[in-house]
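This briefing concerns a single protein chain. It sets out the chain's architecture, its packing and a selection of individual residues.

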Amino acid sequence: MLERLFAELGPWNWIVLGLLLMILEVTAPGIFFLWFGIAALIVGGFVILLGEAFPFGWQVQVILFLVLSLITVFIGRKLVGATDAESDEPLLNRRGEQLIGQIVTLEEATVNGRGRARVGDSLWRVTGPDLAAGTPVKIVGIDQGTLRVEAL
């Protein structure tokens with residue numbers, strides 16, 4: 001039955017597949033199915049344009065779809081990657097990196113290089129020299145969610 005389905009592949013099957021893949025891209029976005037949908041539409045267009053002059057069977061149509069899928073994915077990645085613009089706020093979603101340079105107060109003493117500091121209304125783990133609680137420190141970096149501090 002599956003072989004019969006493949007043997008009867010026509011242009012409208014490719015067009016429907018292409019449209020379904022594009023609808024799938026809209027419902028589950030990720031700029032992934034879009035390129036496969038475009039490839040399927042191109043294959044459908046070739047088969048429609050060539051009509052009976054398309055001398056090859058379903059095997060060539062599937063191979064053409066696979067090759068066009070690779071080409072459209074490659075071109076699409078280049079196009080989408082080329083639109084990456086510099087942000088005017090590069091640290092927008094990098095909370096820890098936004099804190100670098102700020103002066104905060106140790107909430108808990110740093111013992112063996114580890115402690116806690118209050119930043120706004122939250123406590124952050126800190127690493128740095130052993131200091132007493134209440135000591136003001138400067139945030140000089142962040143490492144896996146732990147602030148690196150140094151004494152003022």
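A crossing of two helices is called left-handed if the near helix is turned anticlockwise from the far one by less than a right angle, and right-handed if clockwise. In this predicted model, α2 passes α3 in a left-handed crossing. The protein chain contains five helices and five strands, and its elements follow the order α-α-α-α-α-β-β-β-β-β from the N terminus on.

**Confidence and overall composition**

- The mean pLDDT of the protein chain is 84, and 83% of the residues score at least 70.
- Confidence is lowest in helix α1 (residues 2–7), where the mean is 59, and highest in strand β4 (residues 136–143), where it is 92.
- Where pLDDT is low, the predicted coordinates should not be read in detail.
- The protein chain has 152 residues, of which 26% count as buried.
- Among contacts between residues at least 6 apart in sequence, 42% join residues at least 24 apart.

**Packing of helices α2 and α3**

- Helix α2 (residues 11–27) packs against helix α3 (residues 33–50) at an angle of about 165°, and their axes are 7 Å apart.
- Angles over 145 degrees count as roughly antiparallel, and α2 is therefore roughly antiparallel to α3.
- On the α2 side, the residues that meet α3 are P11, W12, W14, I15, L17, G18, L19, L21, M22, L24 and E25.
- Their counterparts in α3 are F33, L34, F36, G37, I38, A40, L41, V43, G44, V47 and I48.
- I38, a residue of helix α3, is partly exposed at 26% relative accessibility.
- Leaving aside neighbours within four places in sequence, I38 is in contact with M22 and T72.
- The C-alpha atoms of I38 and T72 are 7.4 Å apart, although the two residues are 34 apart in sequence.

**Nonpolar cores**

- The largest nonpolar core comprises twelve residues: L99, V104, L106, A117, V119, W124, V126, L131, V137, I139, L147 and V149.
- Strands β1 (103–111), β2 (114–119), β3 (122–127), β4 and β5 (146–151) each supply at least two residues of this core.
- Another core, of seven residues, lies apart from the largest one and includes W14, A40, V43 and F65.
- V137, a member of the largest core, touches Q102, I103, V104, L106, L131, V149, E150, A151 and L152, when residues up to four places away in sequence are not counted.
- V149 belongs to strand β5 and counts as buried, with a relative accessibility of 6%.
- Beyond residues up to four places away in sequence, V149 touches V126, T127, G128, P129, V137, K138, I139 and V140.
- V149 and A117 are 32 residues apart along the chain, with 9.5 Å between their C-alpha atoms.

- R118 lies in strand β2 and is partly exposed, with a relative accessible area of 36%.
- Not counting residues up to four places away in sequence, R118 touches V104, T105, E107 and L123.
- R118 and E107, eleven residues apart in sequence, have a C-alpha to C-alpha separation of 5.8 Å.
- G120 is found in the loop between β2 and β3, where it counts as exposed at 65% relative accessibility.
- The C-alpha atoms of G120 and V104 are 8.9 Å apart, and the residues are 16 apart in sequence.

**Positive phi values in loops**

- Most residues other than glycine have a negative phi.
- N112 has a positive phi of about 55° although it is not a glycine.
- N112 occupies the loop between β1 and β2 and is exposed, with a relative accessible area of 71%.
- Q144, also a residue other than glycine, has a positive phi near 55°.
- Q144 is located in the loop between β4 and β5 and counts as exposed at 75% relative accessibility.

How values were computed:
Residues are numbered from 1 along each chain as its sequence is written. This is a predicted model: local features need pLDDT of at least 70, side-chain atom pairs count only at pLDDT 80 or more; totals for chains, interfaces and linings use all residues. Side-chain values use heavy atoms; hydrogens and water are left out. pLDDT is the predictor's confidence in each residue, from 0 to 100. Helices (H or I, at least four residues) and strands (E, at least two) are DSSP runs, numbered from the N terminus. A nonpolar core is a set of buried Ala, Val, Leu, Ile, Met, Phe, Trp, Tyr and Cys residues joined through side-chain atoms within 4.5 Å. Buried means under 20% relative accessible area, exposed over 50%, partly exposed in between (1.4 Å probe, protein chains only). Contact means heavy atoms within 4.5 Å. Axes are lines fitted to C-alpha atoms, for helices over the stretch in contact, and angles run from 0 to 180 degrees between N-to-C directions. Angles under 35 degrees count as roughly parallel, over 145 as roughly antiparallel, 65 to 115 as roughly perpendicular and the rest as oblique.
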